[in-house]
Amino acid sequence: MKIHLDSILNVPVSDPDDSRRRRLLNILMFGAVIAAVAGLAAIILDSFTTQSFTNSERQLVIAGLVLTTLGVVAIYYVNRRVSGQWAALLYLLLLTFIFTFSDQPQQLANGRSLFVYTIPIAVSSLILFPLASFIFAALSSIIIVALASSVSIPPNPIAIIGFFMLALVSWLSARSLDQALRELRTINLDLDQAVTERTQALAESLKRERIEAGRNQAILNSIADGVVVFDRKWNAILANPALKSMLDLPIELIVNKNFRELIEHPRLSPRSRGLLYAMMEHDTQPPSFRIEWGRKTLSISAAQVYDNSKESNTNLGTVTVFRDFTREAEVEKLKSTFVAIVSHELRTPLNAILGYAEMFKESVYGPMNEKQINMSERIMKNTQRLLGLINDLLDQAQMEAGKLTVQMAPLKPAELLENIHGVMDQSVHEKGLRLTSEIEDNLPEILNGDAARLQQILVNLVNNGVKFTDHGTVHVRLFCPHTGRWGIEVSDTGHGIPESELPYIFDTFRQVDGAATRAHGGFGLGLSIVKQLVNLMNGEIKVKSKVDRGSTFTITLPLVTQEADMEKWRNL
Amino acid sequence: MSELALIVEDDEDLANIFAEALRSVGFEVELAADGQSAQERLKKGVAPFLILLDMHVPHISGGDLLTNVIKKDERLAKAIVIITTADARMGEAYTELADFVMIKPISFIQLRDLTSRLKPKK
């Protein structure tokens with residue numbers, strides 16, 4: 001019902017002011033039609049009952065009411081189809097016209113019906129435009145003056161003033177209504193705009209988020225690495241399918257569980273358990289490490305996630321990536337086993353060659369002449385060299401397999417120097433060089449270190465110096481650069497290393513100037529092993545060199561003298 | 001009569017070289033190519049002054065021979081035991097078990113000089 005009424009009353013136009021006015025006009029016309037119908041009903045009822053109207057009066061009233069109804073229908077059409085303004089004007093004129101003939105002229109000019117003219121004046125400012133009330137005040141004034149003169153009575157100036165006062169009030173109220181509505185509309189428009197923008201932004205960010213989340217999920221689901229994300233308390237909040245298949249565990253046993261439950265799983269080896277607990281407990285961890293999960297070897301790298309947006313830099317949790325390392329670990333193990341076996345098998349016959357050559361040299365089976373002794377010495381020397389190379393390869397293989405460990409024990413730095421002289425003096429002397437050494441006073445007499453490995457470092461460095469020096473000295477210095485460190489420095493007066501080659505000299509199987517390999521022997525493993533040993537000892541190695549001026553290798557190592565420090569070392 | 005040295009070494013050439021080194025300083029030398037024959041000989045009553053023991057020999061390892069036979073035989077309580085091994089890392093652990101540990105490659109001269117110092121002066 002209401003909808004039907006609305007569809008009759010509303011005029012579908014885009015301008016809200018126009019629409020409002022036209023709807024108001026329709027309501028007024030609707031009221032006028034109802035009034036006309038009621039009037040008709042009253043007149044017809046009167047003709048059967050009291051008969052207070054004469055026949056001619058009754059005809060006039062009926063004609064007026066029918067005319068009103070027809071006029072309203074016509075104006076409704078105009079209002080709906082043509083123009084609200086014209087319709088409003090026509091309606092007001094129609095009203096004025098009908099009012100003018102609705103009573104006796106004297107009553108209209110200055111009597112009981114004078115008030116009817118206030119209706120178009122008040123309504124016009126609402127349905128036409130605010131100032132229209134003055135036009136209808138003027139029109140009504142002219143009509144009542146004309147009506148007064150037609151019946152020869154004086155016009156009513158009070159009524160005219162009243163008309164204009166009403167017009168003024170109507171104008172003011174219509175104008176303020178208009179203004180208020182306009183402001184309201186502006187506010188509404190702004191609000192609509194803001195809501196639209198917000199909605200759009202929200203929709204876009206939701207869409208972006210969904211795309212981003214979808215992409216991340218796709219990456220997580222499709223990568224071969226197992227990923228698990230822990231919160232600050234090591235509860236797993238997310239794990240991908242790869243992890244599930246890697247660990248061969250249902251996802252419910254991983255996600256929403258504390259990491260400790262996973263660590264206590266029987267498939268994990270005790271050593272791996274220790275490593276994982278260490279990862280949980282320490283803020284600083286090695287970048288990656290390996291664990292044994294059943295028959296699998298898994299490489300784990302963990303990265304802590306920090307909230308950088310705030311200054312507090314709080315730890316949000318940890319992202320842990322598991323990689324199946326089983327095959328690689330097997331290959332590595334095979335490789336290092338192979339190298340170890342080969343090296344061992346190579347060393348035994350070399351030992352025999354060395355021994356027999358020594359027996360020749362020592363004239364075990366009867367006297368030898370000088371040339372024969374010389375030849376035996378050459379066999380011995382070359383065998384030693386071959387043994388040295390095999391030892392390097394074995395060390396390298398062990399280091400790659402992670403089997404080489406540092407064993408700390410108290411040692412005397414002076415003994416290191418004595419030993420290096422014992423091992424190297426002869427070959428230094430044979431090449432016409434000098435090997436000198438010194439210990440700085442501030443170095444403790446006893447410190448902790450792996451004597452065998454330190455010896456190996458010194459032999460490699462001195463050997464290297466001798467190899468690339470034709471004239472002059474190889475100098476070894478043990479020193480204390482500052483508290484908590486001690487150092488080894490080996491310098492020579494040899495060929496030096498071109499600056500362009502300096503960054504690579506610690507690389508495996510690399511020698512400065514490829515051709516030199518044959519001239520000097522060796523695989524180029526010596527310095528690489530030194531560097532790796534120094535790293536194992538938590539030390540640093542640096543090299544300074546100038547072509548034809550010689551090279552200086554400087555190693556600094558943590559100085560461990562206290563028993564407490566020793567404990568720390570043992571636990572490494 | 002010169003002192004007896006027992007060499008337990010499975011590599012024939014090394015055994016030969018070690019034997020020559022020891023003979024050259026005046027030891028009388030017996031060779032055992034595996035742990036089994038070394039054990040038999042020791043049980044038969046051979047009481048060497050010095051035992052040169054390779055840790056990796058067939059049948060009975062040098063380690064077992066050391067703990068189960070040599071250390072339990074009172075007659076061998078005074079015998080000087082020199083362990084020979086190719087494993088440099090294990091060498092450090094072996095120092096507890098024997099008087100000397102020699103890491104292979106073992107030089108003829110080195111062995112000769114060491115044993116000559118160990119041999120009692122007449």
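I started with a pair in chain A: the side chains of Glu489(A) and Arg477(A) meet in a salt bridge, 3.2 Å from N to O. For the record, a salt bridge here is a side-chain nitrogen of Lys or Arg within 4 Å of a carboxyl oxygen of Asp or Glu. The pair links distant parts of the chain, with Glu489(A) in strand 10 (residues 485-492) and Arg477(A) in strand 9, 12 residues apart. Helices (H or I, at least four residues) and strands (E, at least two) are DSSP runs, numbered from the N terminus.

A note on what I am looking at: this is a predicted model, where local features need pLDDT of at least 70, side-chain atom pairs count only at pLDDT 80 or more, and totals for chains, interfaces and linings use all residues. Residues are numbered from 1 along each chain as its sequence is written, chains are lettered from A and ligands numbered from 1 in the order in which they are written, and side-chain values use heavy atoms, with hydrogens and water left out.

**Arg477(A), continued**

I checked the strand: Arg477(A) lies in strand 9, residues 473-479. Is Arg477(A) buried or exposed? I found Arg477(A) buried, at a relative accessible area of 16%; buried means under 20%, exposed over 50%, and partly exposed in between (1.4 Å probe, protein chains only). Leaving aside neighbours within four places in sequence, I listed the contacts (heavy atoms within 4.5 Å) of Arg477(A): Glu438(A), Glu440(A), Gly487(A), Ile488(A) and Glu489(A).

**Salt bridges within one helix**

Next I looked up Arg22(A), which forms a salt bridge with Asp18(A), the closest N and O atoms being 2.8 Å apart. Both lie in helix 2 (residues 16-48) of chain A, 4 residues apart, about one turn of the helix. Arg22(A) counts as buried at 6% relative accessibility, and Asp18(A) counts as buried at 18%.

In chain B, Glu20(B) and Arg23(B) meet in a salt bridge at 3.7 Å, N to O. They are separated by about one helical turn because they sit 3 residues apart in helix 1 (residues 12-24) of chain B. Glu20(B) is buried at 13%, whereas Arg23(B) is partly exposed at 41%.

**Where the chains meet**

I then turned to the interface, to which chain A gives 20 residues and chain B gives 16 residues. How many salt bridges does the rule find across the interface of chain A and chain B? The rule finds 1. Arg112(B) pairs with Glu362(A), with the closest N and O atoms 2.8 Å apart. I also noted 9 residue pairs in polar contact between chain A and chain B, both residues at pLDDT 80 or more. Helix 12 (326-361) and helix 15 (451-467) of chain A each supply at least two residues of the side that touches chain B. The largest share of that side, 11 residues, comes from helix 12.

**Last look**

Note on methods:
Polar contact = N/O pair within 3.5 Å; in protein donor to acceptor, adjacent residues only side chain to side chain.
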